[in-house]
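Let us take a walk through this protein together, one stop at a time. Keep the picture at hand and look up each residue as we reach it.

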Amino acid sequence: MNKVKYIAAILIAVAGLGLQRADAIQYSISSGNPALTDAGFTGPYATVTVNRVNSTTATVTFNSLTQTIGGNTYVYLMADGSSGAVNVRANSWSISGMSGSNSYAGFTTPQLSNAGSQNVDGFGVMNQTVDNFDGFSYAMTTLSFTLTNLSGTWANAGAVLIANIQGALAASHIFVAQLINGQLVNVNVTGYAANGGAVNVPDGGTTVMLLGVALGALGMARRFLMS
């Protein structure tokens, strides 16, 4: 009986490690409207990571991407109206913890506001948008905020957002900048872009670690039973 209790404790510990894995999903903002694509900037433009903290709370983080075109490097920044836009799967919710930054020098601290539901040019109405003050000088490489479900729960990270009538669930107002000698230069091209699909966020080796722990636990249990 003591041996059974010992094995049960090991298995519970392994299960606990598994439950601690981050529940997150990442979407690619890869479909640009003509203002971007007709100018030759085809993306992808940014990623959106939704991390479900618990059944009613999730953090949403937009990160800009770079693209090399004709030997030049361009950075896709998020700025102005609908800097970040998502379509939340909930009847009611709150937004908090809005923050943004630019990893390059020469930009002003963003001034973010909850803009509610807005039409994102080319991609339809998104029921939760975040605006940033003014234009390029306030542009961001990172934007994040927290959503709290006030009308129900989210079973997993993939349930936090839902596609709108035009099939978009996340979008951003993109400002294009060229990277020259470590500085970003405005090329005066802006447009909107939305998700082109979703992929699971890499777990940073967590799966391999859990597998190793599980195998080690089973090995210990086998040796203990044979002793």
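Our first stop is N188, which sits in strand β12 (residues 183-200). Bear in mind as you look that this is a predicted model. N188 has a positive phi of about 60 degrees, although N188 is not a glycine. Why stop for that? Most residues other than glycine have a negative phi. With a relative accessibility of 66%, N188 counts as exposed, because exposed means over 50%.

D134 is another residue with a positive value: its phi is near 60 degrees, and D134 is not a glycine either. You will find D134 in the loop between β9 (124-132) and β10 (142-149). Its relative accessible area is 45%, so D134 is partly exposed.

Most peptide bonds are trans. The bond from G43 to P44, however, is cis, with omega near 5 degrees.

Now for the interior. In soluble globular proteins, nonpolar side chains tend to be buried together. Here the largest nonpolar core has 33 residues, and those with the most contacts inside it are V50, V60, F62, V86, F145 and L147. Several strands, including β1 (23-32), β3 (57-64) and β11 (170-180), each supply at least two residues of this core. Apart from this core lies another one, of nine residues, among them L77, F107, F136 and A177.

What about the aromatic rings? A search of the whole structure finds six aromatic pairs. In one of them, the rings of Y45 and Y76 have their centres 4.8 Å apart and their planes at 65 degrees, so the pair is edge-to-face. Y45 lies in the loop between α2 and β2, while Y76 belongs to strand β5, so this pair ties together parts that are 31 residues apart in sequence. Both Y45 and Y76 are buried. F133 and Y138 also form an edge-to-face pair, at 5.1 Å centre to centre and 85 degrees between the planes. Of these two, F133 is partly exposed at 43% relative accessibility, whereas Y138 is buried at 12%.

Finally, look for S82 in the loop between β5 (72-78) and β6 (84-86). S82 counts as buried, because its relative accessibility is 3%. Beyond its neighbours within four places in sequence, S82 touches residues including Q118, T129, H173 and Y192.

Terms used:
Residues numbered from 1 in each chain as written. Predicted model: local features only at pLDDT ≥ 70, side-chain atom pairs only at ≥ 80, totals over all residues. Heavy atoms only, no water. Helix = DSSP H or I, 4+ residues; strand = E, 2+ residues; numbered from the N terminus. Buried < 20%, exposed > 50% of the residue type's maximum accessible area, 1.4 Å probe, protein only. Contact = heavy atoms within 4.5 Å. Core = buried A, V, L, I, M, F, W, Y, C linked by side-chain atoms within 4.5 Å. Phe/Tyr/Trp six-rings, centres within 6.5 Å; stacked < 30°, edge-to-face > 60°.
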